[in-house]
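I opened my notebook with a plain request to myself: look the model up piece by piece and write down what turns up. Here are the entries, in the order I made them.

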Amino acid sequence: MESEKQRDTFIFYRSFKESMSDLSDADKLIMYEAITDYSLDMKEPELTGFPKALFSLIRPFLDANIQRWENGCKGGAPKGNKNNRFSKSTTKVQPKYNRSTS
């Protein structure tokens, strides 16, 4: 059986903190728990009122970061794939000035 990878980290933006600055301490705790549970464990929060509305605005950022993490777990190009190499011989230096011979 293939083991499922578990997230140990997630991105928490300053805008999340700022958007919660006027909440009561109880609602802040609810929001922090909702964000961490959703980001780390994909646990759907059961929210009501303002925290529910605020989470609906934050959720697209969390989903985008989860998607990036999932894509990163799949790895890059397979070994031997010519597209994953950078060759200096194929890079040409562009002239600083366009010299035309007229």
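How many aromatic pairs does the structure hold? I found six aromatic pairs, where rings of Phe, Tyr and Trp (its six-membered ring) pair if their centres lie within 6.5 Å, with planes under 30 degrees apart counted as stacked, over 60 as edge-to-face and the rest as tilted.

**Ground rules**

I keep in mind that this is a predicted model, in which local features need pLDDT of at least 70, side-chain atom pairs count only at pLDDT 80 or more, and totals for chains, interfaces and linings use all residues. Residues are numbered from 1 along each chain as its sequence is written, and side-chain values use heavy atoms, with hydrogens and water left out.

**Aromatic rings**

I looked up phenylalanine 12 and phenylalanine 16 as one of the pairs. Their ring centres are 5.3 Å apart and their planes stand at 85°, so the pair is edge-to-face. I then checked burial, which I read as under 20% relative accessible area for buried, over 50% for exposed and partly exposed in between (1.4 Å probe, protein chains only). Phenylalanine 12 counts as partly exposed because its relative accessibility is 34%, whereas phenylalanine 16, at 1%, counts as buried.

Tyrosine 38 and phenylalanine 55 make another edge-to-face pair, with 5.6 Å from centre to centre and 85° between the planes. This pair links distant parts of the chain, since tyrosine 38 sits in helix H2 and phenylalanine 55 in helix H3, 17 residues apart. Tyrosine 38 is buried, with a relative accessible area of 2%, and phenylalanine 55 counts as buried at 4%. I also noted one aromatic cluster, formed by Phe12, Tyr13, Phe16, Tyr32 and Phe61.

**Overall layout**

I counted three helices and zero strands, taking helices (H or I, at least four residues) and strands (E, at least two) as DSSP runs numbered from the N terminus. Along the sequence the pattern reads α-α-α. Of the 102 residues in the chain, 18% are buried.

For contacts I used heavy atoms within 4.5 Å. Among the chain's contacts with a separation of 6 or more, 53% come from residues 24 or more positions apart. The chain exposes about 8900 Å², and carbon and sulfur atoms supply 52% of that; the areas come from the Shrake-Rupley method with a 1.4 Å probe, and for residues only the protein chains shown count as cover.

**Helix H3**

Why do the ends of helix H3 lie 36 Å apart? H3 holds 25 residues (49-73), which at 1.5 Å a residue should span 36 Å, so the distance between its end C-alpha atoms agrees; the expected span is 1.5 Å times one less than the number of residues. I did find a kink of about 40° at isoleucine 58, shortly before proline 60, the bend being the angle between axes fitted to the seven residues ending there and the seven starting there.

Its buried residues are Pro51, Leu54, Phe55, Ile58, Leu62, Asn65 and Ile66. Their cover includes helix H1 (14-19) and helix H2 (25-41).

**The core**

I looked up the largest nonpolar core next and found 13 residues, with Met20, Met31, Ile35, Phe55, Ile58 and Leu62 having the most contacts inside it. H2 and H3 each supply at least two of its residues, and H3 gives the most, with five. Such a core is a set of buried Ala, Val, Leu, Ile, Met, Phe, Trp, Tyr and Cys residues joined through side-chain atoms within 4.5 Å.

In the contact lists below, residues up to four places away in sequence are not counted.

- Isoleucine 35 touches Phe10, Phe12, Phe16, Met20, Phe55, Ile58 and Leu62.
- Methionine 31, in helix H2, counts as buried at 0% relative accessibility. Methionine 31 touches Met20, Leu23, Pro51, Leu54, Phe55 and Ile58.
- Serine 39 touches Arg7, Phe10, Leu62 and Ile66.

**Last entry: methionine 42**

Which residue has a positive phi although it is not a glycine? Methionine 42 does, at about 55°. Most residues other than glycine have a negative phi. Methionine 42 lies in the loop between H2 and H3 and counts as partly exposed at 46% relative accessibility.
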